[in-house]
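Good morning, and thank you for joining.

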Amino acid sequence: MATAEEIAKFNKDGYLICDNFLDADEVASLRKQCQQIVEDMNPKEHAPTVFSTIKQTDNDYFMNSGDNISFFFEAGAVNDKGELTVEKHKSLNKIGHALHELDPEFKRVTYKKKIHDICRGLSFKKPVIVQSMYIFKQPGIGGIVTPHQDATFLHTDPLKLTGFWIALEDCTLKNGCLQFVPGSHKDELVTQMVRNDDGKGVHFIKPADLVKEKYGDRFIPAEVKAGTLVVIDAKSVHMSEPNKSEKSRHIYTFHIAESQDTVWSKRNWLQPTEALPFPELYAGKEQ
């Protein structure tokens, strides 16, 4: 079970660092599986879509990526003609958004007993897994993740959503570790990214850079070892700097929302589909 001390620290800080969530073999297994997914991917079939937390895309590829495994590229890896300028294994920003359901290796980790225990400790009654991503933070070109709150992008009413972020390599200031503003989850949500009225693309209700302006230099680095789990409250303000080092910073992350007595916002960019309704965590087998 998640301990009372762990839950108390999460409630105090808005995030929780859990060492040794995965052992070395489990970390290697996820990285090997991701390597195979990329090996099997033909970039020409994915019209290299650049992912940015600063400027959100309005293309159909992004908007329709919630029920499949899609590929998003770093700006520094794609030229003006949409062609890759680096080897494909070093070109990706992330893979998303349904690894948790469509790939057996990632599904196994998503349903680990510790995840069940933490969700019960956080009083989730009927948690559902809404999305998942493998983020590469490539050496030299891994882009900044600007200060934000996860509830900006994924929202329920009332709000109950938690992120689970798993380091698959050592994460340091040099390669762009997470940074947090402790206690910021007790503040109000600054802005939301919502669907346009025509359903094509998204926009921010208030400028996204208001988060950076509000919290300034209050961020505390969270340097962690490979295998570490970081649990993140939906309103916890966090970021990561660009990776200017020679080492990548691979991670796997997913988000869990409460589905009992809550409403998933119809304005979220991400929506459940007939092909993939949001799977229930507790209905899945603990691993």
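The second largest pocket holds about 240 Å³ of space; a pocket is an open set of points on a 1 Å grid over the protein atoms alone, where a 1.4 Å probe fits, with protein on both sides within 12 Å along at least five of seven lines. The volume is the space filled by probe spheres set on the points, which are joined across faces, edges and corners. This is a predicted model: local features need pLDDT of at least 70, side-chain atom pairs count only at pLDDT 80 or more, and totals for chains, interfaces and linings use all residues. Residues are numbered from 1 along each chain as its sequence is written, and side-chain values use heavy atoms, with hydrogens and water left out.

Thirteen residues line this pocket (an atom within 4 Å of a point), and Arg31, Gln35, His89, Phe136 and His250 lie nearest its centre. Helix H2, residues 24–40, gives the most to the lining, with 5 residues; helices (H or I, at least four residues) and strands (E, at least two) are DSSP runs, numbered from the N terminus.

I turn to Ser184, in the loop between strands E9 (178–180) and E10 (193–195). Ser184 is buried, at a relative accessible area of 1%, where buried means under 20% with a 1.4 Å probe, protein chains only. A polar atom of the Ser184 side chain lies 2.7 Å from the backbone oxygen of Val181. Beyond its neighbours within four places in sequence, Ser184 is in contact (heavy atoms within 4.5 Å) with Tyr215, Lys235, Ser236 and Val237.

Finally, helix H6 (residues 113–121) has Ile115, His116, Asp117, Ile118 and Cys119 buried. Just after H6, Ser123 takes a positive phi of about 65°.

Notes
Buried < 20%, exposed > 50% of the residue type's maximum accessible area, 1.4 Å probe, protein only. Polar contact = N/O pair within 3.5 Å; in protein donor to acceptor, adjacent residues only side chain to side chain.
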